[in-house]
Amino acid sequence: MRNVLVRAAFGLAIASVTPLGHTHAIAGNRIFPATLAVDDPGVGDELDVQFGHIRTANDDGSIAHVNTWSANYSKTITPNLAFSVGDNYATQRVSGSPAVKGLDNVGLGVKYLVYVNPIHEFMLSVGVNGAIGGSGSKAIGSSYSTYAPTVYAGKGFGDLPDALGWLKPFAVTGTVGQQYASDSSVSNAMNWGMTLQYSLSYLQSFVKNVGLSKPFSNLIPVVELAMSTCTSGSCSGRTTGTINPGIIWESRTAQIGLEMQIPANRASGHGVGVLLQTHFFFDDIFPKSIGKPIF
């Protein structure tokens with residue numbers, strides 16, 4: 001991460017910089033999609049709706065089947081500052097026990113787009129994410145609040161030499177954030193993740209037209225790594241998370257994503273889960289009303 005920040009600072013001094021504040025997450029020719037498990041580095045007026053299913057292990061060794069419906073709305077205050085609010089409704093079923101259902105704590109977030117380098121297809125944002133303790137149901141939510149200062153970055157490979165043209169559609173994004181809880185007895189955690197993606201639209205438009213027709217030309221194969229490392233208490237050093245291979249179909253106004261959720265280790269769960277996403281870009285659907293910044 002240090003190298004990423006140093007590179008961004010160096011690029012700020014010597015490279016041309018595009019004005020901040022784009023629809024979607026755009027750096028030069030690169031459009032970073034709204035990935036399902038790891039947040040992209042852009043800001044915008046967006047609505048994300050997801051369904052997820054996975055099996056997880058409880059502390060007593062039992063296996064819980066968890067279904068989650070979630071929604072998150074992001075609103076730009078200025079062209080490069082956005083506020084977000086979201087929540088999810090979860091159903092947990094353990095064999096031989098009644099199902100547990102309810103809303104989780106309300107999540108809030110703020111993100112600021114710091115830097116965009118169009119030549120090197122690089123973006124850098126910072127923000128804070130949190131959840132309001134006691135705002136969810138007693139069965140699903142927690143009584144304590146959390147907050148996590150977070151850094152977001154994205155880098156496309158379009159600046160590679162033409163001899164490596166087939167690699168230019170690749171891009172990586174990543175986030176890292178330290179989460180703290182309002183209850184001192186609750187362990188803190190480092191939430192981190194990264195994605196590797198290959199844009200077929202970028203291939204067609206900026207490398208070579210290989211004759212793909214829609215909808216195939218709008219596909220982005222992607223692999224996400226969504227992880228959390230405990231940083232305090234008895235669990236300190238333990239890492240859990242999922243590896244999510246999948247595909248995203250993206251258009252100017254919306255996108256659809258589908259991914260598997262593969263537990264990264266035994267502590268992360270049992271069996272393969274699934275994530276299904278529908279994402280709307282209000283800044284392109286309603287550019288003159290709710291899709292434009294307040295200021």
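Mentor: Buried means under 20% relative accessible area, exposed over 50%, partly exposed in between (1.4 Å probe, protein chains only). This is a predicted model: local features need pLDDT of at least 70, side-chain atom pairs count only at pLDDT 80 or more, and totals for chains, interfaces and linings use all residues. Residues are numbered from 1 along each chain as its sequence is written, and side-chain values use heavy atoms, with hydrogens and water left out.

Trainee: What does the chain average in pLDDT?

Mentor: The average is 89. pLDDT is the predictor's confidence in each residue, from 0 to 100. In the chain, 91% of the residues score at least 70.

Trainee: Where is confidence lowest, and where highest?

Mentor: Lowest in helix 1 (residues 2-14), at a mean of 36. Highest in strand 9 (residues 146-156), at 98. Helices (H or I, at least four residues) and strands (E, at least two) are DSSP runs, numbered from the N terminus.

Trainee: And over residues 1-22, how many contacts does the model have beyond four places in sequence?

Mentor: It has 34 there, with contact meaning heavy atoms within 4.5 Å. pLDDT stays under 50 over that stretch. Where pLDDT is low, the predicted coordinates should not be read in detail.

Trainee: New topic. How many salt bridges does the structure hold?

Mentor: Six. The criterion is a side-chain nitrogen of Lys or Arg within 4 Å of a carboxyl oxygen of Asp or Glu. One of them joins Glu121 and Arg30, at 3.1 Å, N to O. Glu121 lies in the loop between strand 7 (107-117) and strand 8 (122-131) and Arg30 in strand 2 (residues 30-32), so the pair ties together parts that are 91 residues apart in sequence.

Trainee: Are Glu121 and Arg30 buried or exposed?

Mentor: Both are buried.

Trainee: What about Asp162 and Lys168, how far apart are the closest N and O atoms?

Mentor: 2.6 Å, in another salt bridge. Asp162 counts as exposed because its relative accessibility is 67%. Lys168 counts as buried, at 10%.

Trainee: Which residue forms a salt bridge with Asp284?

Mentor: Arg252, with the closest N and O atoms 3.6 Å apart. Asp284 sits in helix 3 (residues 282-285), and Arg252 in the loop between strand 13 (239-250) and strand 14 (254-263), 32 residues apart. Asp284 is buried at 16% relative accessibility, whereas Arg252 is exposed at 54%.

Trainee: Back to strand 7 and strand 8. How many bridges join them?

Mentor: Ten, and the strands run antiparallel. DSSP must find at least two bridges for two strands to pair. Strand 7 and strand 8 form a hairpin with four residues between them. Glu121, in the turn, has a positive phi of about 50°.

Trainee: Which residue is the bridge partner of Asn117 in strand 8?

Mentor: Phe122.
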